[in-house]
Amino acid sequence: MSDPHQNSLQGMAIMSGAMLILPTMDAIAKYMATFEAMSPGQVTFYRFFFQIACTLPILFALFGLKALSARRPWMNLLRGVLHGGASLLFFVAVKYMPLADVFAIYFVEPFMLAALSALFLGERVGWRRWVAIVVGFGGAMIVIQPSYEIFGLKALLPVACAFLFSLYLFLNRAIGEADSPLTMQTMAGIGGTVFMAAALFVGNGSGNADFAVSLPSSGLALALLLALGLISGYAHMLVVRAFRLAPLSLLAPFQYFEIISATVLGYALFNDFPSVSKWIGIFIIVASGLFIIWRERLQAQSLKSS
């Protein structure tokens with residue numbers, strides 16, 4: 001019989017590692033757009049294509065052809081479509097905006113998830129958490145406002161990304177443990193690849209530069225795209241694994257570790273560093289998110305004791 005305390009420690013260690021690694025994907029996407037002149041749409045396609053290339057051989061080696069016979073295939077494919085849309089919006093945003101800014105705005109996602117849970121799942125969200133949601137969005141506005149003046153509507157792309165990712169998390173809850181993490185990631189990779197192929201076809205056909213089709217122009221570009229798929233496939237499997245070892249409320253705060261990596265990578269690679277006003281907005285977003293998580297844990301504990 002497994003030790004719940006040990007499982008929780010393992011889950012926290014895995015989650016923190018995954019959160020520090022994941023922003024590397026977005027740094028690669030920004031590098032590809034900035035230095036390799038590859039469109040965000042094309043980078044997003046390669047992200048999911050190479051995710052399949054990295055996970056499918058191992059999946060077949062472990063489970064054979066029946067590995068793709070997921071119990072909930074359409075749900076997993078839809079996860080991929082939502083994840084593909086969210087990744088596309090994020091990669092377009094990081095092409096134009098500093099990494100840390102995009103991550104800070106994106107972290108309205110926990111507030112959206114709490115609001116959606118209350119509105120559509122009937123979960124109880126007290127007035128304190130509603131206040132925290134409003135305050136958190138206010139913090140996001142502090143970060144968005146100067147970015148909006150520079151980048152226009154593109155500054156709102158991380159908000160749209162956060163909404164799609166909230167829906168993606170809903171599907172993760174719905175699927176639960178019906179399929180293995182490897183199967184889930186491979187099926188999501190297929191869904192994301194098909195979605196992005198269609199998006200590239202439509203976007204490139206309309207002449208949108210953010211959907212321009214191209215091949216890797218150098219060995220370095222190809223290596224970076226392979227790394228993008230590798231990180232995408234296995235880092236997200238780590239997240240799925242972490243959530244099976246420890247409760248959501250315990251692991252949720254570790255999502256904010258991404259801001260640390262994003263800030264370091266943004267400064268080291270692109271000389272981007274948030275201004276004082278943006279740091280204030282980031283602090284408000286993180287504090288509001290942690291307050292929501294703390295209230296959820298209190299509610300869960302009270303329900304267990306009642």
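Helix α4, residues 73–96, and helix α5, residues 99–106, have axes that come within 8 Å and cross at roughly 140 degrees. Here the axes are lines fitted to C-alpha atoms over the stretch in contact, and angles run from 0 to 180 degrees between N-to-C directions. Helices are DSSP runs of H or I with at least four residues, numbered from the N terminus. The angle makes α4 oblique to α5, since angles under 35 degrees count as roughly parallel, over 145 as roughly antiparallel, 65 to 115 as roughly perpendicular and the rest as oblique.

This is a predicted model, in which local features need pLDDT of at least 70 and side-chain atom pairs count only at pLDDT 80 or more, while totals for chains, interfaces and linings use all residues. Residues are numbered from 1 along each chain as its sequence is written, and side-chain values use heavy atoms, with hydrogens and water left out.

Which residues make the contact of α4 with α5? On α4 they are Phe 90, Ala 93 and Val 94, and on α5 they are Leu 99, Val 102, Phe 103 and Tyr 106; contact means heavy atoms within 4.5 Å.

I turn now to charged pairs. The structure holds 1 salt bridge, defined as a side-chain nitrogen of Lys or Arg within 4 Å of a carboxyl oxygen of Asp or Glu. Asp 210 pairs in this way with Lys 95, the closest N and O atoms being 2.8 Å apart. Asp 210 lies in the loop between α9 (181–205) and α10 (219–245) and Lys 95 in helix α4, so the pair ties together parts that are 115 residues apart in sequence.

Methods
Helix = DSSP H or I, 4+ residues; strand = E, 2+ residues; numbered from the N terminus.
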